[in-house]
Each structure stands twice: as structure tokens, then as C-alpha cells.
Amino acid sequence: MTSDVSSTTRTGAVPAAAAPTRWLDAEEQRAWRAYMYSWMLLDDRLDRELTRETGISHAYYEILVQLSEAEERRLRMSELAQRCLSSRSRLSHAVSRLEERGWVRRQVCPEDGRGQLAVLTEEGFAALEAAAPVHVEGVRTHLFDQLSAEQIAAMRDIGETLLRHLGDH
């Protein structure tokens with residue numbers, strides 16, 4: 001919504017501690033919707049292309065990337081879930097599917113014997129290497145080829161600003 005709406009509840013009472021809603025103005029609303037919708041379309045396009053060309057969904061690709069970049073190509077499941085912005089149960093399910101393909105294996109964490117590690121196999125690394133050119137071409141074609149150097153710099157600045165605000169990812 002772009003206009004102010006009454007802050008009264010169904011009973012007509014105004015919450016005592018509630019701050020007034022800071023509604024988006026028309027330009028902010030246009031910027032927000034353009035950003036969100038374009039990002040959803042881009043994510044969907046990249047996922048569909050990657051899945052069609054390689055049989056790997058974008059979510060599985062990200063798991064393989066995170067493992068490939070980790071020391072010894074292994075991470076605790078909890079850390080992998082955090083890096084992939086996934087719940088532990090959803091990640092566990094995805095790792096099970098990747099295990100079925102022989103791309104990831106689990107092992108007990110040698111440091112404490114309690115946690116589990118996800119380990120990228122040689123077959124998983126080979127699958128990632130085969131999929132990477134498809135992913136990169138999609139990112140280049142659908143994102144970077146559409147932007148000027150100034151827009152790319154602004155996108156980086158905006159992204160880094162939001163990363164500083166939103167967390168340690």
C-alpha cells in the first residue's frame with residue numbers, strides 16, 4: 001500500500017506503543033516491486049535453465065558450490081544450512097538426494113563425533129564443473145548483459161549495503 005491507512009484495530013483502539021506505519025511512497029513502491037519481481041523472474045529463469053540443461057536445480061547447485069569452496073570440500077550440516085539460507089530439515093533432504101546421485105556423502109564430524117559433515121565427492125565436483133558454464137552464461141545473459149557499468153556498480157553498492165545491514169552472510 002502506498003497511502004496511509006487507519007491504524008485502529010477492529011475494536012477501534014489504537015495500540016499505545018505502535019509507531020505509525022511508514023508507508024512507501026509511489027516511487028519507493030515502484031522500485032520495490034520492480035526489484036522483487038525482476039529478482040523472482042531471474043531466479044526462476046536461472047533455475048529452469050540450469051535444471052533443463054544439467055538436471056541440477058539452483059538449490060542443489062548452491063549446495064555443491066558451497067561445498068566446493070569450503071576447506072577440504074566439506075562443511076558441518078548446520079553451517080551448510082546457514083550458508084544456503086535453508087532450514088536444517090530442508091537441507092538434510094536435499095543432501096539425501098545428492099547422496100543418491102553420489103555427489104555428496106555424509107560423515108561423522110571427527111572433532112566432536114556428534115555433528116555430521118557433508119562432503120563433496122569427486123563425482124559431485126565433476127557435476128558442478130559441468131553445470132557451472134550453464135549457470136554463468138545464464139547470469140551473464142539475463143543480468144550483466146542487460147546492465148551498464150554504472151548500473152553494475154550501483155547494484156554492487158546496494159547489495160553490499162544490504163549485506164552489512166542484514167547479517168553476516
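**Exercise 1. State the accessible surface of the protein and the share of it that belongs to carbon and sulfur atoms.**

Solution. With areas taken from the Shrake-Rupley method and a 1.4 Å probe, the accessible surface of the protein comes to about 12,000 Å². Of this surface, 54% belongs to carbon and sulfur atoms. The model is predicted, so that local features need pLDDT of at least 70 and side-chain atom pairs count only at pLDDT 80 or more, while totals for chains, interfaces and linings use all residues. Residues are numbered from 1 along each chain as its sequence is written, and side-chain values use heavy atoms, with hydrogens and water left out.

**Exercise 2. Decide whether C84 and C109 are buried or exposed, and give the number of disulfides.**

Solution. Buried means under 20% relative accessible area, exposed over 50%, and partly exposed in between (1.4 Å probe, protein chains only). C84 has 18% relative accessibility and therefore counts as buried; C109, at 1%, counts as buried as well. For a disulfide, a pair of cysteine sulfur atoms must lie within 2.5 Å, and the structure holds 0 of them.

**Exercise 3. Locate the salt bridge between E122 and R73 and describe the exposure of each residue.**

Solution. A salt bridge requires a side-chain nitrogen of Lys or Arg within 4 Å of a carboxyl oxygen of Asp or Glu; in this pair the closest N and O atoms are 3.5 Å apart. E122 lies in helix α5 (residues 122-142) and R73 in the loop between α2 (58-69) and β1 (74-76), so that the pair, 49 residues apart, links distant parts of the chain. E122 counts as exposed because its relative accessibility is 58%, whereas R73, at 25%, counts as partly exposed.

Key: Helix = DSSP H or I, 4+ residues; strand = E, 2+ residues; numbered from the N terminus.
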